[in-house]
Amino acid sequence: MQVVLVRVTEDGRTQSLVLKHDRTVIGRQTDCEVRVPTPGISRHHCEILIDDDNATVRDLGSSNGTWVNQDRVESHELKAGDLISLGKHVFVIRIDGAPEEIDAVACYEDGMPDRGDEPEPPRVKQSGPPPTASQGSLADSGDSSVFDFDFDISDEDEDDQPPL
């Protein structure tokens, strides 16, 4: 089973990453296999578990939750085309090539849950500099199992930045 995590943006851009391990941790921390260094993402936000027949996403106690198809989940068996929302980011799950075509704008809109009924989490003062985005590309980086999505942090709302 090949599982690909496809990041979609509201302006229509996509980035793809083939998940090569049985367990892939997604979060802000540098030891995560998929690093999303932006506000709204916990240090160890969630994990995707893959075996021969199934892919499952499991929340790791994140502050803002892990959402699949606009529903907050603790654990959820993934199907091709499912939309995972973490913070302000939406990912499409592609399993064995399906879905073949992805409309990034529509998937972003469909994947971003209405969180109006949830209280905003308290802002935590960070010590040290905030995490920075990778300057790398989507090319395989050799033996490293860590992947930094190439996030344009400048298009995040300034209000979402934690106080320095």
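Among contacts in the protein (heavy atoms within 4.5 Å) between residues at least 6 apart in sequence, 47% join residues at least 24 apart. The structure is a predicted model, in which local features need pLDDT of at least 70 and side-chain atom pairs count only at pLDDT 80 or more, whereas totals for chains, interfaces and linings use all residues. Residues are numbered from 1 along each chain as its sequence is written, and side-chain values use heavy atoms, with hydrogens and water left out. Of the 164 residues, 41% count as buried; buried denotes under 20% relative accessible area, exposed over 50%, and partly exposed the range in between (1.4 Å probe, protein chains only).

The protein contains one helix and twelve strands, taken as DSSP runs numbered from the N terminus (helices, H or I, at least four residues; strands, E, at least two). Along the sequence these elements follow the pattern β-β-β-β-β-β-β-β-β-β-β-α-β. Six strands form an open sheet in the order β2-β1-β11-β10-β7-β8, with antiparallel pairing; two strands are taken to pair if DSSP finds at least two bridges between them. Because β2 and β8 (71-73) stand at the edges with a single partner strand each, one side of each is left without a neighbour in the sheet. Neighbouring strands of this sheet are turned by 30 degrees against each other on average, direction ignored; the axes are lines fitted to C-alpha atoms, for helices over the stretch in contact, and angles run from 0 to 180 degrees between N-to-C directions. Within the sheet, β7 (residues 66-68) pairs with β10 in the antiparallel sense over three bridges, and Trp67 has Ser85 of β10 as its bridge partner.

In soluble globular proteins, nonpolar side chains tend to be buried together. A nonpolar core is defined here as a set of buried Ala, Val, Leu, Ile, Met, Phe, Trp, Tyr and Cys residues joined through side-chain atoms within 4.5 Å. The largest such core has 21 residues, and Ile48 and Ile84 have the most contacts inside it. At least two residues of this core come from each of β1 (3-8), β2 (14-19), β5 (46-50), β6 (55-59), β10 (83-86) and β11 (89-95). Apart from this core lies another, of ten residues, including Val8, Leu83, Val92 and Ile102. Not counting residues up to four places away in sequence, Ile48 touches Leu5, Leu19, Asp22, Arg23, Thr24, Ile26, Thr56, Val57, Leu78, Ile84 and Ile93.

The loop between β9 (75-77) and β10 holds Asp82, which is buried at 3% relative accessibility. Its side chain makes a polar contact with the side chain of Asn69 at 2.9 Å and reaches the backbone nitrogen of Lys79 at 2.8 Å. A polar contact is a pair of N or O atoms within 3.5 Å; within protein, one must be able to donate a hydrogen and the other to accept it, and residues adjacent in sequence count only if both atoms are side-chain atoms. Gly81 lies in the loop between β9 and β10 and is partly exposed, at 31% relative accessibility. Gly81 and Val92 are eleven residues apart in sequence, with a C-alpha to C-alpha separation of 5.8 Å.

The structure holds zero disulfides, a disulfide being a pair of cysteine sulfur atoms within 2.5 Å. The sulfur of Cys32 is 9.1 Å from the closest cysteine sulfur, that of Cys46, and is therefore too far for a bond. Cys32 is buried, with a relative accessible area of 0%, and Cys46 is buried at 1%.
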